Amino acid sequence: MKPLMLKMQAFGPFAGAETVDFTRLGPNPLFLINGPTGAGKSSILDAICFALYGATTGAEREPAQMRCDHADADSLTEVNLDFSLGEQVYRVRRLPTQERPKNRGEGTTTQQAEAQLWQLDGSAEGNLLVAKSVTDATSRIRDLIGLDVEQFRQVMVLPQGKFRELLMADSRDREKIFGQLFQTGIYRRIEEQLKTRAAGIRQAVDQHQNQVRGILQSADLGAEEQVGEELALLEPELGTALAARDKARARHLQAVGARDQAVELSSRFDRLASRQAEFAEKIVLAPEFNARQAQLDRALKAQGIRHLYDQHRSAIEVQGKLKRQLQQADEDLQAAITQHRAAETALASAKRAYEAVDHLKQQQLELKQYRDRLQTLANAQKQLQERQAIWNSSRLTVDSNREAQTKLAAEKAAIDRELEAIASELVSLASKQIELAALEQKHQQRQTLEKLFDGRRQLQDRERKLSESVEAEKAAFEQDAKRARETELAWHSGQAALLARELRQNDPCPVCGSLQHPSPACEKADGGPVTHEQVEAARQQEDIARKRLQVAENHRQTCRNDLVTAEKEINQLQLLLGPEATQPLQVLTNMLKASEAGIGRLLARQARQKALGARITDINGQQSELTEALSALEAKAETTRDQFIQARASVEDLEQQIPESYRDRQTLEQALAAVGTRIGQLTDALNVAEKVQVDKRSARDQASTRHEESGRQCADQQQTCSNAESAWQEALAESEFASPEAYRQALLTGAQQQQLKVEIDKYRADLASLEGAVQQLQTDLAEQSPPDMVAIEQRLEEASGQVKLAETTWQQLDQRHNQLLGIRSKLARAHKAHEKLEAEYAIYGTLSDVANGQTGNRISLQRFVLSVLLDDVLIQASHRLYSMSKGRYQLVRKEDRARGNKASGLELEVEDSYTGKTRPVATLSGGESFMAALSLALGLSDVVQAWAGGIRLDTLFIDEGFGSLDPESLDLAVRTLMDLQASGRMIGIISHVTELKEQMALRLDVVSSRNGSSIRTVAA
């Protein structure tokens, strides 16, 4: 992963929007992040880590705490990061949870955390991979980079105060980190699959044994032989129990039938008693329902004269209503007479005002004539303005034409003078071009010479390293050769001891033939005899060491041949260049740039000469065209002046025909509108007064008619009311009701009458039904008596006990018989499966123990692979640590087995060449720990990059730690980082050390202020 562009807003100490363009620093930069304490240097790393994983590098602060206190309330805290993975480029945007102002109204609302991830494919928007989910974005980035946030902090970022974590990690933590980096999960899966397979087989074997024991124990058997013996004894007993069970079942069925018949008869006697009780209850309610029947009869009689009662009440209500209508009609008549008199007065007043309308109409006619003349004046004024504009335009065109002729003449004179100057400058162009070609050739040769110098230095460094490798391989070969000789000698000694063990006194020795054996060879006490296979293995190791030594010598010789060839090429170029060979390349570069710049200026002047010549031709053509057009334009201007004078005279004549006060159209229209409005008002007022007078007179006549009609209706209704009273009193006297109050109490509504009738009918129907049921049951049970249920139930219980006993006996025997048969079948299947399991466990169990570290040094398969990779990492790391520690320290892997069950095989130690001993890395000082951690991180980066299938570690950020180094160690550390940069890595350093600022030309300066910090990029 390599960052390309970082954008922060309201993040950490940065109040506004800050952008860091890492591409400005170069493709693989080594740069310094510089600034005072608290300015926000580490916040840049926090922003990168937050954009990728939603967490900071130090993990001390939550993302929501990263908002800048100086930021505007409307500015959201967010981070955007563009980064590359190989050839692919991605962009991630992330916002933490924060408070922001509401879009509407006052107050704030919570902005939830969100993240977006794009793959930048060249399109305007890119390919959106994650739309908003924080979890999905973090998971997708973790899959892309191959690291989670903890591994990112330990491998690609050395945070302030945490650079020792990877160095001090134990085997289990380092196994997790290295497994992720080198993608060795396949070995872990192999371990787990073998362990699972072996455990499954082992569990199956245990299950088989437990199954056999469980099968026998389920039948209370101690051995498999008892199954057949018990089956032979059980079969006769089972036949006898079956016959006894069938007889008991038949007796039980007879008892059940008798009990069912007795239950039915008892139930019928119970129903008879229940119906008799219900019938007695109904008889008790008879008086109540007789009273209800009498109430219903009185209501029906009252219903017969109800129409007369209703007519009497209705006549009284109508008479009251007509009296109220008569009173209202009298009031309406008096109001109508008053309104009619007022309308006649208003009509007389409107007629007097209308007499002024004739004068207003004459005034309206005169104003309309002024309006027509004003429109003619407006048209004449418009024509005057148009002709004046045409005359002005003609004059301006003539003046512009004359001015253009003057400018072209001046431009032509200036061009002529410039052409003379350019011609004198271009005299030396050809000679300077020849000089430039010769200088370019020498500059190219000098560049080639510089490359050869660099190549020679690299070859010299490589030859020195290869010589060291040859010496190391030579020492290893001599050690393996010595070990092979010692092993072979031990084997021979072992063979002699074997022969000596078979010697007997007075028996001839098979080697020398002697009958006496005073000093026979003895086996070593420290172990068994050396085998022939061990001798062959030692010889093979010696051959391997010899071949490695030969390969190293061949590589060194090839390097020396390349060095000789480079020296020859350097000598040839130095002869060609002469004195320029010793000059600095920058001097030739400056001379070449100066010559190229001079010729470039002359070529630009030559192009200017051509452009000016073309401009002279254009000017001559334009001058001819302007001269021809000028005469025509002057004649046209004279004509338009005459037309303007005529139009002005016409306007002055029209103005004399309109009074000055009405020359303004708006004033005239307002006066005309006022006159028209007044005429309309007077006319409308007269019309309204006439209509109101007619309406009020009509209303008075109608009110008089209604008053007379109401008087007649009131008199008629008085007679109707008297007749209805007489009819009602006569009907009441003839009825059984003593008073109107008694009649009203007897009245019931139709619904009340219907409900009362339904209740009476239901009572009578229920009473008849119960009486019939009682009579029928008494007839059916006349010749029968209630059964003795206790005796019947007792006989049934005895039969049930007998059948249950017989059933239980038979079931126990049958269940035991089936159980024994099932056990015999299960034992046969279990023994057949056990043979296959034993064969499989012999293979998978052994492989699982070896792969999961259950044998020997207790190192698992994945940890063994990682230990080999760790050795490669430590070779690279030790090379750098050896250099930075001035030849004192190297990192080595601890090979001793850890105590107890603790994981081992990946612990680190440091080898101190001053003491010749190894010791734990925890014993290093602060500065030494920093150098060791830095070396380990760089070595890990090298090996992971080279590992097929490993992830890409293109970037390394180091936060502080350099202040613990002395000047010489600091210089060695910086040189190490420069070597790493040359291999294609981006390295960023955060430090206050002044010497680093002086050594590094590429910097990100963090500037602090009272209102927040800002970032300034310093690039070479």
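Which residue takes a positive phi in the hairpin of β16 and β17? Glycine 1012 does, with a phi near 115°. The legends below come back to this hairpin in its place.

The views show a predicted model, in which local features need pLDDT of at least 70 and side-chain atom pairs count only at pLDDT 80 or more, while totals for chains, interfaces and linings use all residues. Residues are numbered from 1 along each chain as its sequence is written, and side-chain values use heavy atoms, with hydrogens and water left out.

**View 1**
Helices (H or I, at least four residues) and strands (E, at least two) are DSSP runs numbered from the N terminus, and two strands pair if DSSP finds at least two bridges between them. Axes here are lines fitted to C-alpha atoms, for helices over the stretch in contact, and angles run from 0 to 180 degrees between N-to-C directions. Strands β5 (residues 88–95) and β8 (residues 114–119) run antiparallel and are joined by six bridges. Valine 92 has leucine 117 of β8 opposite.

**View 2**
Two packed helices are described by the angle between their axes and the distance between the axes. For α10 (residues 357–425) and α14 (residues 665–734), the angle is about 155° and the axes are 10 Å apart. The two helices are therefore roughly antiparallel to each other; angles under 35 degrees count as roughly parallel, over 145 as roughly antiparallel, 65 to 115 as roughly perpendicular and the rest as oblique. The crossing of α10 past α14 is left-handed, a term used if the near helix is turned anticlockwise from the far one by less than a right angle, and right-handed if clockwise. On the α10 side, the residues in contact include Val357, Leu360, Leu367, Tyr370 and Leu374. Their counterparts in α14 include Arg665, Leu668, Leu672, Val675 and Leu682. The residues of this contact of α10 with α14 divide into eleven nonpolar, four polar and six charged. Ala, Val, Leu, Ile, Met, Phe, Trp, Tyr, Cys and Pro count as nonpolar, Asp, Glu, Lys and Arg as charged, and the others, Gly among them, as polar.

Helix α9 (residues 306–353) also packs against α14: their axes come within 6 Å and cross at roughly 165°. That makes α9 roughly antiparallel to α14. The passage of α9 over α14 is a left-handed crossing. In the contact of α9 with α14 there are 29 nonpolar, 14 polar and eleven charged residues.

**View 3**
Three strands in the order β11-β12-β13 form an open sheet, paired antiparallel. At the edges stand β11 (889–893) and β13 (917–920), each with a single partner strand, so one side of each is left without a neighbour in the sheet. Neighbouring strands are turned by 35° against each other on average, direction ignored. Four bridges link β12 (residues 908–912) and β13. Aspartate 912 has lysine 917 in β13 as its bridge partner. Helix α18 (residues 861–884) lies across β11 and β12 and runs at about 175° to β11.

**View 4**
Four of the five residues of β16 (residues 1003–1007) are buried, meaning under 20% relative accessible area, with exposed over 50% and partly exposed in between (1.4 Å probe, protein chains only). Strand β3 (residues 30–34) pairs with β16 in the parallel sense over three bridges, whereas β17 (residues 1014–1018) runs antiparallel to β16 and is joined to β16 by five. Aspartate 1005 is the bridge partner of asparagine 34 and stands opposite arginine 1016 in β17. The hairpin of β16 and β17 has six residues between the strands.

**View 1. Asparagine 34.**
Asparagine 34 lies in strand β3 and counts as buried, at 12% relative accessibility. Neighbours within four places in sequence aside, the contacts of asparagine 34 are Lys41, Ser991, Lys997, Leu1004, Asp1005 and Val1006.

Methods
Contact means heavy atoms within 4.5 Å.
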